[in-house]
Amino acid sequence: MEMDQLVALCKRRGFLFQSSEIYGGLQGFWDYGPMGVELKRNVREAWWRDMVNGHNALDVPPGAPSTYEMVGLDCSIIMHPQVWKCSGHYDLFHDFMQTCRQCKKLVRADHVAEMLKESEWVASLGTVLTRGPDDSLLDIDAEALLKWAKSKGRKVAPGLALVRKPEVTLSCLVERIASSPSVPLGSGELLSYIATEQLAVTGLQAPCPHCGGDLTEPREFNLMFESNTGAVRDDNSKVFLRPETAQGIFVNFKNVLDSTRVSIPFGVAQIGKSFRNEITPRNFTFRSREFEQMEIEFFCRPDQSRAWYQYWRDRRYKWYLDLGLAGDRLRLRDHDADELSHYSVGTADIEYAFPFLAPGEFGELEGVAHRGDFDLRSHMEGKLVRQGGELIVEKDAEGKPSHRGSGKDMNYFDDQTKERFIPHVIEPSAGADRATLAFLCQAYTEDEVPDEGGKAAKRVSLKLHPRLAPIKAAIFPLVKKDGMPEVAKEIYGELKQHANVFYDEKGAVGRRYRRQDEVGTPYCITVDGQTLTDGTVTIRDRDTLKQWRTKKDDLVAEIRERLR
RNA sequence: GCGGGUGUAGCUCAAUGGUAGAGCGGUAGCCUUCCAAGCUACUUACGAGGGUUCGAUUCCCUUCACCCGCUCCA
C-alpha cells in the first residue's frame with residue numbers, strides 16, 4: 001500500500017485533515033474528522049477499558065507476578081517549571097545545534113568536539129603534524145599542510161578553508177604563530193584556524209566534523225513549547241507545555257496514595273495531549289508536534305521490578321495483536337545497552353512496519369521502560385545524573401544542586417513488611433495517534449469483488465477490528481419503497497441506543513455497501529422483501545461479503561456480541 | 001534548519017499570458033429486490049502574498065504546505 005492512498009482516503013472519508021488547512025496548513029499538526037475522531041476515541045477507550053477500567057484487581061492476569069490495582073489521572077498540560085528541570089527535560093530539550101555552511105549538515109553543538117576527534121579528515125590531517133607526548137603540537141610544517149590540502153585534504157575535507165583557499169588560510173596561521181610564538185598552538189586552535197576563511201570578518205570558526213566547512217553559531221532548538229502565565233511576560237512567568245504526560249503522575253504519586261488506599265503493586269494511567277516542537281515533523285501523523293499519549297506508571301517493589309517489566313512488555317505487545325496489527329509487521333524490540341536512557345535498566349519498543357518506512361524498518365508505537373526509582377527520586381532530591389553505577393544529584397559549579405527537587409518524601413511504607421522504600425517504576429508509554437495510524441495502515445485493503453454483472457471490480461476497505469470501527473453497523477432498506485425504509489428506520493433507532501450505527505437509503509445497495517467498506521463498518525444490515533413477511537434481516541460481513549439472516553428482534557444481542 | 005521535487009474541484013488528472021475542462025465523487029429527483037448500474041439537474045478548484053504586464057493559474061520574487069534525502073527524535 002502506498003501512503004498516498006491512505007492519506008487520500010483519510011481526507012476523502014473524514015478521518016484526518018491537515019490542521020488549519022484553509023490557511024495552507026501548519027506543519028506537525030493534524031485534525032481528526034468525523035470518522036477519525038470515532039476511531040481514535042475507540043483506540044483510547046479500548047486502552048482505558050483493557051488497562052484500567054476493565055482490569056480485575058482480584059485475579060492474577062496471565063504472566064503477572066501477582067494481582068495489582070489500576071487507577072487513572074488527568075493532569076494539567078502546563079505544570080510548575082521545576083517539574084521539567086528536575087525531570088531532565090529542561091536541560092535535555094534545550095539542544096544547541098550548528099549547521100555547516102558548506103555541506104549543510106546539522107550537528108549538536110556539544111557533540112562537535114567529540115565528533116572532531118573521530119573525524120576522518122582530522123585523522124588524516126594528523127598524519128602530517130608532529131605531536132608531543134601530551135598531544136600538543138610541536139611544529140607546524142606549512143609545506144606539508146599545503147601539500148595535504150592539495151591532495152588528501154581535497155578528498156576528505158572538501159569544505160575546509162585550508163583546502164578551498166590554502167594561501168589565505170595559511171598566511172593567517174603563520175601570522176598567529178609569528179605574533180605570539182610563546183603561546184603554544186593547541187590542536188583545537190589549529191583546526192579553527194584552518195577552518196576560517198576570512199579571519200578579520202568572521203573571527204575563528206569551528207570546523208564541521210564531516211567536511212571541514214565552517215559551522216554557524218550554535219542556535220537553540222528548544223523542543224518544549226513555551227508560554228507565559230499571568231500578565232507579565234518575563235523569565236519568571238515562563239511555563240512549558242508538557243512534552244510527556246508521565247510527570248503529572250509522578251508528582252501526584254503521594255496524592256494518589258493518600259486518596260485511594262491503593263497499595264503496591266499498582267499502576268496509574270493517563271491519556272492526554274503532549275507537545276514537542278519537533279525539528280522535522282514527518283510521515284503523516286507519525287511525528288506530530290501535538291500528540292496524544294496513553295501512559296501507565298506502574299509502581300512496584302524494587303526486587304519485583306524485572307518481573308513486572310517483563311509482564312508489561314508482553315502484555316502491551318499482545319494488546320496490539322489482539323486489536324488486529326499483523327504479527328509480521330509488529331515487533332517487540334529490546335533496546336541495546338548503549339541505547340538505553342540514562343535512567344533506564346531496560347527498555348523495549350513495540351514497533352510497527354509503517355508503509356512510509358523503508359522495507360525492514362520499523363517505527364515506534366510504544367516504549368516500555370524500566371525506570372527504576374529515577375523519577376520519584378528526581379522530584380524528591382533534584383535533577384539526577386548517573387555517575388559510575390550510581391544516580392546522584394547533579395551539582396552546579398558552586399556545588400549546589402543544579403535543579404532543586406521538591407524535598408517531599410516519596411518513600412512508600414509497606415504495612416505488611418514494615419519496609420520503607422522508593423518504588424521502582426515500569427512505564428508503558430504509548431502514542432494514541434501512532435496506534436491509530438498503525439491500525440489505519442493495517443486495515444487498508446484493496447481487493448476485488450464481483451460487480452453487478454459478475455465482473456471483478458476493485459474495492460477499497462478498512463478491515464478495522466469491530467471494537468475500533470467508527471461505525472459499528474449500517475442499516476439499509478434494500479429499496480426505498482414497499483415499507484422497507486420504515487422497518488429499517490425502526491431497527492436503526494433501536495440499535496442506536498447501543499452502538500454508533502448509520503442509516504442510509506440512497507442509491508443502489510451495492511454502492512452503500514462500498515461506502516461503508518471504505519470507513520471500515522464491519523456489518524451492514526439490510527431490510528428486504530422477506531423482512532416484511534418473516535421479520536428477518538440480512539447481515540453482511542465487511543471482510544467475507546457473506547450474508548446471513550437474523551430475526552430483527554435478535555439484532556441488538558447479535559450485534560453487541562459481535563462488537564466485543 | 002539545509003538540498004531536491006510538487007502544489008489546478010472532495011479525489012485522480014488536463015489545458016492556457018486573454019471566459020479553466022474531464023472522469024470519479026457529493027447533493028436532489030426518476031429508476032432500481034443484494035455488492036460503486038442507468039438517466040436528469042445541481043455542486044466544487046488555479047495553496048497564500050507581492051511584482052512584471054493593458055491583462056498572470058501560466059513569467060519573476062517571497063512565503064506556506066506536502067513528498068524524498070540530510071539532520072533530529074521516540
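The model is predicted.

**Helix pairs**

Two packed helices are described by the angle between their axes and the distance between the axes.

*H1 and H17*

- Helix H1 spans residues 3–12, and helix H17 spans residues 432–443.
- Their axes come within 11 Å and cross at roughly 110 degrees.
- H1 is therefore roughly perpendicular to H17, because angles from 65 to 115 degrees count as such.
- H1 contributes Met3, Leu6 and Cys10 to the contact, while H17 contributes Leu437, Leu440 and Cys441.
- The contact of H1 with H17 has six nonpolar residues, with no polar and no charged ones.

*H18 and H21*

- Helix H18 covers residues 484–496, and helix H21 covers residues 555–562.
- The two axes come within 10 Å, crossing at roughly 50 degrees.
- H18 and H21 are therefore oblique to each other.
- The crossing of H18 past H21 is right-handed.
- On the H18 side, Ile491, Glu494 and Leu495 make the contact; they meet Leu555, Val556 and Ile559 of H21.
- By class, the contact of H18 with H21 holds five nonpolar residues, one charged and no polar.

*H10 and H11*

- Helix H10 runs over residues 166–179, and helix H11 over residues 187–195.
- Their axes come within 8 Å and cross at roughly 140 degrees.
- H10 is therefore oblique to H11; only angles over 145 degrees would count as roughly antiparallel.
- Thr169, Cys172, Leu173 and Arg176 of H10 make the contact with Glu189, Leu190, Tyr193 and Ile194 of H11.
- The contact of H10 with H11 is made up of five nonpolar residues, one polar and two charged.

- How much of helix H16 is buried? Seven of the eight residues in this helix (residues 374–381) are buried, so H16 is largely enclosed by the rest of the structure.
- The buried residues of H16 are Phe374, Asp375, Leu376, Arg377, Ser378, His379 and Met380.

**Backbone sites to check**

Most residues other than glycine have a negative phi, and most peptide bonds are trans.

- A cis peptide bond links Ile264 to Pro265, with omega about 5 degrees.
- Pro265 belongs to the loop between helix H14 (253–260) and strand S11 (266–275).
- Phe284 is not a glycine, yet its phi is positive, at about 60 degrees.
- The loop between S11 and strand S12 (290–300) holds Phe284.
- Phe284 has a relative accessible area of 11%, so it is buried.
- Asp482 is not a glycine either, and its phi is also positive, at about 60 degrees.
- Asp482 lies in the loop between strand S23 (473–477) and H18.
- Is Asp482 buried or exposed? At 54% relative accessibility, Asp482 counts as exposed, because the cut-off is over 50%.

*Thr536*

- Strand S26 (residues 536–541) includes Thr536.
- With a relative accessible area of 12%, Thr536 is buried, because buried means under 20%.
- The side chains of Thr536 and Asp534 form a polar contact of 2.8 Å.
- Leaving aside residues up to four places away in sequence, Thr536 touches Asp528, Gln530, Thr531, Arg549, Thr550, Lys551 and Lys552.

*Met97*

- Strand S4 (residues 94–99) contains Met97.
- Met97 counts as buried, at 9% relative accessibility.
- From C-alpha to C-alpha, Met97 and Leu9 are 38 Å apart in space; in sequence they are 88 residues apart.

Key. Residues numbered from 1 in each chain as written. Chains lettered and ligands numbered in written order. Predicted model: local features only at pLDDT ≥ 70, side-chain atom pairs only at ≥ 80, totals over all residues. Heavy atoms only, no water. Helix = DSSP H or I, 4+ residues; strand = E, 2+ residues; numbered from the N terminus. Buried < 20%, exposed > 50% of the residue type's maximum accessible area, 1.4 Å probe, protein only. Polar contact = N/O pair within 3.5 Å; in protein donor to acceptor, adjacent residues only side chain to side chain. Contact = heavy atoms within 4.5 Å. Axes fitted to C-alpha atoms, helices over the stretch in contact; angles between N-to-C directions. Parallel < 35°, antiparallel > 145°, perpendicular 65-115°, else oblique. Nonpolar A, V, L, I, M, F, W, Y, C, P; charged D, E, K, R; others polar. Left-handed = near helix turned anticlockwise from the far one by under 90°.
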